[in-house]
Amino acid sequence: MSDRARVRAAPVAEPDDGCGPDSGARTSHPGPHPRDHAHLGHEEVVAMLADLRRTLADRYGTSDERRLDSTLRRAGRLVVPVRFHVIHNGRRGWLSNKDVRRQISTLNAAYGGAKGGVDTHVRFRLASHGHTDSAAWFYSPRLYENSMKRRLRKGGRNTLNVYTAAVGTDVLGFSTFPQWYRRKPHMDGVVIDYRSLPGGSFRHYDRGYTAVHEIGHWLGLFHTFENGCRTPGDGIADTPYEARPAEGCPYSRDTCRQRGRDPIHNFMDYAHDSCMREFTAGQGRRIRAAWAAYRAPRRGARSVDLGTGPAAGALSVGAPR
């Protein structure tokens with residue numbers, strides 16, 4: 001999937017621009033904690049990339065993402081219906097319709113390239129917004145993930161279910177990958193901390209980019225630092241290899257010998273929200289390829305058909321159910 005193998009000069013030093021102390025991860029306070037649960041082993045990443053190639057070849061007669069992408073882009077933008085589930089404990093964790101719509105707007109800006117990256121040709125449409133008052137689910141969404149999702153999840157493989165709760169200060173969110181849908185469809189979706197939404201109370205993580213990051217996994221993207229400097233990295237050619245997650249907001253960083261400085265501003269890294277601003281063209285292709293492989297409605301072998309029909313000049317790939 002990736003041909004990034006050219007070696008160049010040794011890594012340089014890592015100056016910091018003062019955005020904040022290096023925390024080691026995507027957290028709401030300093031400390032060596034992971035941002036989410038999407039950390040995968042090398043063999044698992046290799047297997048998931050191989051599964052994507054096989055699935056694309058089976059459905060469309062090619063696993064070449066560049067070749068397939070010209071057809072996918074002609075089909076129009078992907079408009080993803082979003083079912084937003086607000087889990088709260090009384091007033092704690094309550095989010096208004098305005099809060100939810102602001103998060104949807106942030107998603108559309110990030111995936112549309114308005115923050116500085118490429119337009120991935122993915123847009124999000126709020127299909128429903130509901131509240132569930134449950135102290136257990138609110139304070140322990142990971143522990144009660146199965147029962148919570150079995151009760152609330154709506155739609156099929158092409159409907160994004162987002163849940164907000166008090167995920168925690170060490171992990172701000174977690175997501176499933178599209179490859180996992182066929183095994184446990186009821187678990188499909190994204191869970192984020194309600195304090196990470198735009199205007200939230202988590203310092204450095206209050207612009208809504210935790211949802212952008214986690215939904216990137218749901219759409220098929222790995223971390224930019226996946227596998228460190230080891231091939232295949234994240235399997236995308238235009239995201240340079242990165243030995244470890246970005247911390248805070250480094251001015252510049254180069255941790256691997258392969259070509260390219262670390263993608264510290266990429267939404268799939270771990271930097272502060274103020275440091276994040278982009279997806280790459282390769283990530284856009286990967287999203288569209290993963291969608292075609294795992295989430296697009298099935299309309300016959302080797303037939304590129306990504307949706308159910310046009311809607312306001314865009315292609316809708318899933319309707320509220």
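Tutor: Let us start with burial: a residue is buried under 20% relative accessible area, exposed over 50%, and partly exposed in between, with a 1.4 Å probe and protein chains only. C275 has a relative accessible area of 1%, so C275 is buried. Before going on, note that this is a predicted model, where local features need pLDDT of at least 70, side-chain atom pairs count only at pLDDT 80 or more, and totals for chains, interfaces and linings use all residues. Residues are numbered from 1 along each chain as its sequence is written, and side-chain values use heavy atoms, with hydrogens and water left out.

Student: What makes C275 and C249 a disulfide?
Tutor: The criterion is a pair of cysteine sulfur atoms within 2.5 Å. C249 and C275 are 2.4 Å apart, S to S, so by that cut-off the pair is a disulfide. The torsion about their S-S bond is about 75 degrees, so this disulfide is right-handed. C249 and C275 both lie in the loop between α6 and α7, so the pair ties together parts that are 26 residues apart in sequence.

Student: Why is C249 called buried?
Tutor: Its relative accessibility is 3%, and the limit for buried is under 20%, so the label applies.

Student: Which other cysteines are joined by a disulfide?
Tutor: C229 and C256, with an S to S distance of 1.9 Å. This link is left-handed, with -85 degrees about the S-S bond. C229 and C256 are both in the loop between α6 (209-218) and α7 (281-295), 27 residues apart. The structure holds 2 disulfides, and with the bonded cysteines numbered in sequence order, the pairing is 1-3, 2-4.

Student: Is C229 buried or partly exposed?
Tutor: C229 is at 31% relative accessibility, so C229 counts as partly exposed.

Student: How do you know how many helices and strands the protein chain has?
Tutor: Helices are DSSP runs of H or I with at least four residues, strands are runs of E with at least two, and the numbering starts at the N terminus. On that basis the protein chain has 7 helices and 7 strands. Along the sequence their pattern is α-α-β-α-β-α-α-β-β-β-α-α-β-β.

Student: What share of the protein chain counts as buried?
Tutor: Of its 321 residues, 58% count as buried.

Student: Why is the crossing of α1 and α7 called left-handed?
Tutor: A crossing is left-handed if the near helix is turned anticlockwise from the far one by less than a right angle, and right-handed if clockwise. The axes of α1 (residues 42-60) and α7 cross at roughly 65 degrees and come within 9 Å; the axes are lines fitted to C-alpha atoms over the stretch in contact, with angles from 0 to 180 degrees between N-to-C directions. The crossing of α1 past α7 is left-handed.

Student: Which residues of α1 and α7 meet?
Tutor: Contact means heavy atoms within 4.5 Å. Among the residues of α1 that meet α7 are M48, L49 and L52, while the α7 side includes A289, A293 and Y294.

Student: What is the make-up of that contact by class?
Tutor: It has 10 nonpolar, 1 polar and 3 charged residues. Ala, Val, Leu, Ile, Met, Phe, Trp, Tyr, Cys and Pro count as nonpolar, Asp, Glu, Lys and Arg as charged, and the others, Gly among them, as polar.

Student: What makes A211 buried?
Tutor: A211 has a relative accessible area of 3%, which falls under the 20% limit, so A211 is buried. A211 sits in helix α6 and, leaving aside neighbours within four places in sequence, is in contact with Q103, L107 and I192.

Student: And why is Y144 called partly exposed?
Tutor: Y144 is at 33% relative accessibility, which lies between the 20% and 50% limits, so the label is partly exposed. Y144 is in the loop between α4 (135-139) and α5 (145-152), and it touches A136 and W137, not counting residues up to four places away in sequence.

Student: Where is N227, and what is its phi?
Tutor: N227 is in the loop between α6 and α7. Its phi is near 70 degrees, a positive value in a residue other than glycine. N227 has a relative accessible area of 17%, so N227 is buried.
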